Amino acid sequence: MTEQALIEAARVSKAWPFQEAQKLLKRYPQGKPGGAPVLFETGYGPSGLPHIGTFQEVLRTTLVRRAYEALTGGAPTRLVAFSDDMDGLRKVPENIPNSEVLAANLGKPLSRIPDPFGTHESFAHHNNAMLRDFLDRFGFDYEFVSASDRYNSGEFDAALTRVLECNQGILDIMLPTLREERRKTYSPVLPVSPTTGVVLQVPVEVLDPATGMIRFTDEDGSVVEQSAFGGKAKLQWKVDWAMRWYALGVDYEMCGKDLTDSVTQSGKIVQVLGGRKPEGLIYELFLDENGEKISKSKGNGLTIEQWLTYGTEESLGFYLFREPKSAKQLHVGVIPKAVDEYWQFRGNLAGQALDKQLGNPVWHLLRASGDGEGAGDTVPVTFSLLLNLVGVLGADATADQVWSYLGNYVADANPEAHPELGEMVRAALATNRDFIAPTLQRRAPSANEAEALKVLDAELEKAGPEATAEELQNVVYEIGKNEAYQFESLRDWFKALYETLLGSPQGPRMGSFIALYGVPETRKLIAEALSPAN
């Protein structure tokens, strides 16, 4: 594949990262002036720990970044992970130790509140460190920028001056969007109280934009005149977002559907400042298994730690890649399919034509934090098959037991030789322990099902332990198609096998399962199903 062939295919690709990258190509048909890198940004509010929403935004932005690089033959880019750590703490997050430390500092900038964990300079510094560790863990290429650092150092002073110069213009945009009561106290600039250190929501009079001088009434009723520069003020959220786009020169930033109004208002404000609204994608939000919006306070939904317990890193990226403009349910039940589909798409990738490759999620994911190597790789066993195996083994199944059975199916069956399969075994054991084993319940076979099982047992005895998965599958098929056993369809026969042997309403390709579990062991399952005690 030549670079020109890739560029030509990318320019007509319907894959959403390329569609997004096309927006940047239209923004800069000749490239960004002066050869400057196109700037991608993701934002993060460090009032809590990094979560799956943080991951998905950085991942999806990275996918667009890589697509743009492919589209342009390697035009320079940057990705900034911006922490809004100058924001005032509005409420005490749940599940934080020493919460009284936070409660005593409500309203203060996050970077000026003691760290309740006792490990960093401030609460924001702790959460920022967690964010960076989190992003580094997944190999993202990014630059970390702290709002507090930029405000405190004066690097935002020039942009703040512009905000003060445009104070009335910003008010003209924002006041019509606010309730009448809020209009009375609204100001684009939020001064920090010189007495309490709290970020104040009070009317502000701009005295001199050049020096940043403003006038406001402090919490104790005193009138204060002080500069807004040097970390003595921050901006309202929508104004702050616009100022950041203006100051940093952001070209692309995506956000969730809940920020649609903010994008509109901030886009108007950045134009007033003399800047340009970035390109971007507004993505749908996650839902829980009941179709309800995920809420951190409710605790519904799924954390990234939970996904990585019951699934794999690659499957998470794969699930988040698909259809960003559609709402996604986020619960443990979606993980197995995501694991198996990832490997299905990865296995297909190498043999696909270029246009199909660019539409394959794995093509993009392999470039998100790597060089694209790994196309065509497969795993010898599906995750769904592993789940059925560990389900039969029970809640106390061990990795050694699983690898012992995998020896029936896989050469060099050990996690060192098959690290990706090792991750799947780990995740399957966790899923079985916490979700599958407690729900499995085998039922007794009906009379016609029992007759079919007896025949299957006899055929397995004749087939012997060396039979292949395909040969075993054919044996199962032939029995199910035999009208003597009165199955209305093959589906009914397979359902009977799943429910009587595995204790589940659904299951794997039975030939593959028998080959993996072993012919003698499967015959034992049949014997148990046919036992009078059952």
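**Labels and the values behind them**

Analyst: The exposed residues Asp 400 and Ser 404 sit on the face of helix 18 that is turned away from its buried side. Exposed means over 50% relative accessible area, buried under 20%, and partly exposed in between (1.4 Å probe, protein chains only). The model is predicted: local features need pLDDT of at least 70, side-chain atom pairs count only at pLDDT 80 or more, and totals for chains, interfaces and linings use all residues. Residues are numbered from 1 along each chain as its sequence is written, and side-chain values use heavy atoms, with hydrogens and water left out.

User: How do you know that the buried residues of helix 18 line one face?

Analyst: Helix 18, residues 399-406, has Val 402, Trp 403, Tyr 405 and Leu 406 as its buried residues. Viewed down the helix axis, these fall within an arc of 160 degrees, so they line one face of helix 18. The arc is taken over the directions from the helix axis to the C-beta atoms. Helices are DSSP runs of H or I with at least four residues, strands are runs of E with at least two, and both are numbered from the N terminus.

User: Which helices do the buried residues of helix 18 pack against?

Analyst: They pack against helix 17 (383-393), helix 19 (419-436), helix 23 (510-517) and helix 24 (519-530). Contact here means heavy atoms within 4.5 Å.

User: What makes strand 5 and strand 7 edge strands?

Analyst: The sheet is open, with 3 strands in the order 5-6-7 and antiparallel pairing. Strand 5 (205-208) and strand 7 (223-227) each pair on one side only, and they are therefore the edge strands. From one strand to the next, the twist averages 30 degrees, where axes are lines fitted to C-alpha atoms (for helices, over the stretch in contact) and angles run from 0 to 180 degrees between N-to-C directions.

User: Why do strand 6 and strand 7 count as paired?

Analyst: Pairing requires that DSSP find at least two bridges between the strands.

User: Why is the pair of Phe 40 and Tyr 252 called tilted?

Analyst: The whole structure holds 21 aromatic pairs. For Phe 40 and Tyr 252, the ring centres are 5.6 Å apart and the planes stand at 50 degrees, so the pair is tilted. Rings of Phe, Tyr and Trp (its six-membered ring) pair if their centres lie within 6.5 Å; planes under 30 degrees apart are stacked, over 60 edge-to-face, and the rest tilted. Phe 40 belongs to strand 1 (residues 38-44) and Tyr 252 to the loop between helix 10 (237-248) and strand 9 (255-256), so the pair ties together parts 212 residues apart in sequence. Both Phe 40 and Tyr 252 are buried.

User: Why is Glu 253 called buried?

Analyst: Its relative accessible area is 7%, so Glu 253 falls under the limit for buried. Glu 253 is found in the loop between helix 10 and strand 9. Beyond four places away in sequence, the residues that Glu 253 touches include Glu 41, Trp 241, Arg 244 and Leu 281.
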